[in-house]
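This report concerns a predicted model.

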Amino acid sequence: MHAHMKPLLDDPPQFSEEAEADDPPSHVLPKRRDEIALEVCECLIDMASALFSVSSKELRRPGRTSQPVARVRQIAMYVANVELRLTMSDIGRGFGRDRTTVVHACQIIEDLRDNPEFDSVVHMFEQIAAAAFRNRLGI
């Protein structure tokens with residue numbers, strides 16, 4: 001090495017022969033918040049589909065859908081915001097909807113929760129979602 005050139009690293013990295021089984025490879029970047037939000041929304045859609053016996057394809061369909069399908073989607077969006085604390089914009093992207101549609105969905109579900117039966121259904125979905133994502137999202 002020439003006298004005027006400094007080494008790039010003062011201490012070269014030490015590579016261990018033993019890597020922990022749970023450690024991701026060093027070249028794998030952690031997921032970004034928006035990627036995590038998209039995955040969470042995908043999971044919520046699948047959970048809502050199973051719980052409410054509505055086609056996940058229908059829940060993902062762009063544009064207007066029947067009122068029962070829209071209501072299930074609104075519940076899932078509401079839970080994503082209130083229970084899982086995702087932003088309205090992230091939820092909109094995750095559900096293929098505009099942020100203002102998510103705002104409207106949350107307002108509708110909040111109003112419908114005055115009905116005790118409806119409230120118990122939403123509460124059950126909140127509990128399931130919280131249990132499913134507690135460790136992943138640190139809720």
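**Loop residues with positive phi**

The phi of R85 is positive, near 60°, although the residue is not a glycine.

S53 also has a positive phi, of about 55°, and is likewise not a glycine. Its place is the loop between α1 (33–52) and α2 (56–60), and its relative accessible area of 68% makes S53 exposed.

**Packing of α1 and α3**

The axes of α1 and α3 come within 10 Å and cross at roughly 130°. Axes are lines fitted to C-alpha atoms over the stretch in contact, with angles from 0 to 180 degrees between N-to-C directions. The two helices are therefore oblique to each other, a class left for angles that are not under 35 (roughly parallel), over 145 (roughly antiparallel) or 65 to 115 degrees (roughly perpendicular).

In the contact (heavy atoms within 4.5 Å), L44, A48 and F52 of α1 meet V72, I75, A76 and A80 of α3. By class, this contact has seven nonpolar residues, no polar and no charged ones; Ala, Val, Leu, Ile, Met, Phe, Trp, Tyr, Cys and Pro count as nonpolar, Asp, Glu, Lys and Arg as charged, and the others, Gly among them, as polar.

**Basis of the values**

Residues are numbered from 1 along each chain as its sequence is written, and side-chain values use heavy atoms, without hydrogens and water. In this predicted model, local features need pLDDT of at least 70 and side-chain atom pairs count only at pLDDT 80 or more, whereas totals for chains, interfaces and linings use all residues.

Notes. Helix = DSSP H or I, 4+ residues; strand = E, 2+ residues; numbered from the N terminus. Buried < 20%, exposed > 50% of the residue type's maximum accessible area, 1.4 Å probe, protein only.
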